[in-house]
Amino acid sequence: MPKSDLWALLEENGRSGVYPMHMPGHKRQDHDLCPGFPWRCDITEIDGFDDLHHPQGILLEAQQRAARLFGSDEAWLLVNGSTCGLLAAVGACTDPGDTVLIARNCHKSAYHALELWGLRPVYLEPACGPFPFCGSIPPEAVEKALRQFPTVRTVILTSPTYEGVVSDIGRIAALCHRAHIPLIVDSAHGAHLGFDPGFPKSAVQCGADLVVQSLHKTLPAPTQTAVLHRSGTLVDPERVSHQLDIFETSSPSYPLLAMADRCLQLLEQEGQVRFSAYRQRLARLEKRCRALQNLVLYTEERLQQEAGFCWDFDPGKLVIGCGSCGLDGPALMERLRTGFRIEAEMALPGYLLAMTSLMDSDEGLDRLADALLSLDRQAGFAAKPPDPPVPPVPRSVLSVGEALRADWEPVRWQDAAGRVSAQYLWAYPPGVPWVTPGEEIEEDCIRAVLRAGEAGISLRATRKTPPGTAAVLASTKA
């Protein structure tokens with residue numbers, strides 16, 4: 001371990017005998033409230049431990065390690081997850097009322113940024129194909145939108161997506177830079193990319209200006225740990241720091257920071273060996289799953305057979321299509337849970353997502369392959385056409401802020417066609433809005449909602465309405 005190891009320093013401080021007349025209130029005392037929690041390592045910003053909002057010592061070294069490891073000009077450790085990093089990134093690149101180019105399949109936190117600053121969105125629709133999830137954002141669509149909307153201040157994309165689909169960030173970044181505007185990439189699911197030739201390059205390596213990565217999603221780091229990267233000269237680092245002052249907690253968790261730094265150290269010291277072994281495990285699983293007859297394991301080769309759908313793909317995301325197995329995603333997820341004691345990440349009507357990382361074992365991936373092959377042998381029914389991954393972008397009638405401030409009423413989903421939504425609606429995970437406040441509710445959205453209900457998928461909305469109803473603007477027709 002390096003000389004400046006935060007976790008070791010925290011442990012040393014816990015053994016020092018110094019009595020803490022400061023926060024936190026547990027006073028670093030071991031007790032039975034949560035056995036196993038590292039109470040003695042949980043401190044506040046005391047002498048010798050730096051300040052996340054003004055790092056000059058050990059936390060600055062940790063952030064420099066992150067920048068060096070991923071190849072950015074500057075990096076900020078985050079303990080409020082990628083959400084706070086994405087909000088800070090958008091805030092650093094825009095002023096209230098600006099126009100932004102945003103992928104429709106962005107996470108809800110990006111939409112919350114639009115809401116906070118009253119930004120005017122121009123949506124980029126991901127490629128569609130015969131698959132139940134979104135494809136890449138075509139660079140041609142970005143180029144066309146930048147010509148059509150010359151006042152765009154920034155571009156916001158998600159790559160990789162929740163399902164592992166990667167866009168051509170290098171080409172898109174070049175288009176943005178030609179227009180002298182920054183590219184923000186929500187790469188929450190891509191912190192592991194770029195460390196091995198068997199995986200796509202990271203958004204940082206491809207030239208994006210601001211990139212948010214969740215260490216905890218795909219690397220050995222605890223929940224809420226993330227990194228925000230800045231590269232190039234288009235974004236003022238002082239504006240980024242100021243926005244992080246707003247969205248990052250002023251009482252950051254030192255155990256989380258220390259464990260995030262240990263994750264970075266692991267990648268520095270053992271990354272090459274561990275990723276090589278990880279890639280081999282995934283290749284073995286993919287080879288075994290070629291025997292599937294009814295279920296479908298989506299691979300880069302399969303996805304790229306549909307021209308223009310998928311520019312690149314993360315093999316660490318195991319997207320299992322229901323195919324002709326006679327089960328929908330939630331039912332398949334339940335079979336894995338009850339029959340094989342495997343808990344998958346997420347399920348939607350047409351597919352199931354199982355997430356992997358370099359910490360997976362041979363036994364774990366073999367167990368999943370055995371389960372899928374067993375379920376595959378039990379099935380064999382007519383295939384259903386896949387549901388659209390996200391309903392098409394509806395017509396916008398009012399801004400998000402205007403719709404949220406307006407009077408609203410609940411109506412049955414079956415009667416909501418043509419009404420203006422007063423709420424966000426999404427399946428969570430992945431948290432991609434199907435409709436936002438101020439948009440007209442269309443038949444495609446209603447069908448998707450009813451289909452999700454039939455499959456037992458709980459949709460999230462920002463208004464509390466009776467079951468089976470939507471929040472719409474009061475007595476308003478689009």
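In which sense do strand β6 and β7 pair, and over how many bridges? Strand β6 (residues 183–186) and β7 pair in the parallel sense, over three bridges.

The model is predicted: local features need pLDDT of at least 70, side-chain atom pairs count only at pLDDT 80 or more, and totals for chains, interfaces and linings use all residues. Residues are numbered from 1 along each chain as its sequence is written, and side-chain values use heavy atoms, with hydrogens and water left out.

**View 1. Strand β7 and its two partners.**
Strand β7 covers residues 210–214. Helices (H or I, at least four residues) and strands (E, at least two) are DSSP runs, numbered from the N terminus. Two strands pair if DSSP finds at least two bridges between them.

**View 2. Side chains of β7.**
Five of the five residues in β7 are buried. Buried means under 20% relative accessible area, exposed over 50%, and partly exposed in between (1.4 Å probe, protein chains only). In a regular strand the side chains alternate between the two faces of the sheet. L210, V212 and S214 point one way from β7. V211 and Q213 point the other way.

D168 sits in the loop between β5 (165–166) and α6 (169–178). D168 is buried yet has no salt bridge. A salt bridge is a side-chain nitrogen of Lys or Arg within 4 Å of a carboxyl oxygen of Asp or Glu. The nearest side chain of opposite charge is R171, 4.8 Å away. For charge, Lys and Arg count as positive and Asp and Glu as negative; His and the chain ends are not counted. Leaving aside residues up to four places away in sequence, D168 touches P139 and W311. Contact here means heavy atoms within 4.5 Å.

**View 3. Salt bridges.**
The whole structure holds 25 salt bridges. One of them joins the side chains of R40 and D30 at 3.3 Å, N to O. Both residues lie in the loop between α1 (6–14) and α2 (58–70), so the pair ties together parts that are 10 residues apart in sequence. R40 is partly exposed, at 37% relative accessibility.

R147 and E143 meet at 4.0 Å, N to O. They are four residues apart in helix α5 (residues 139–148), separated by about one helical turn. R147 is exposed, with a relative accessible area of 60%. E143 is partly exposed, at 28%.

D415 and R412 form another salt bridge, at 3.1 Å, N to O. D415 is partly exposed at 44% relative accessibility, and R412 is partly exposed at 45%. Elsewhere, R281, R284, R288, D362, D366 and D370 are linked in a network of salt bridges.

**View 4. Cysteines without disulfides.**
The structure holds zero disulfides. A disulfide is a pair of cysteine sulfur atoms within 2.5 Å. The closest cysteine sulfur to that of C93 belongs to C176, 11 Å away and too far for a bond. C206 is in no disulfide either; the nearest cysteine sulfur, that of C176, is 13 Å away. C93 is buried, with a relative accessible area of 5%.

**View 5. Backbone features in loops.**
A cis peptide bond joins M23 and P24, with omega about -5 degrees. P24 is in the loop between α1 and α2. The peptide bond from S159 to P160 is also cis, with omega near 0 degrees. P160 lies in the loop between β4 (152–158) and β5.

R28 has a positive phi of about 60 degrees although it is not a glycine. R28 lies in the loop between α1 and α2 and is buried at 6% relative accessibility. D50, likewise not a glycine, has a positive phi of about 70 degrees. D50 is found in the loop between α1 and α2 and counts as buried at 15% relative accessibility.
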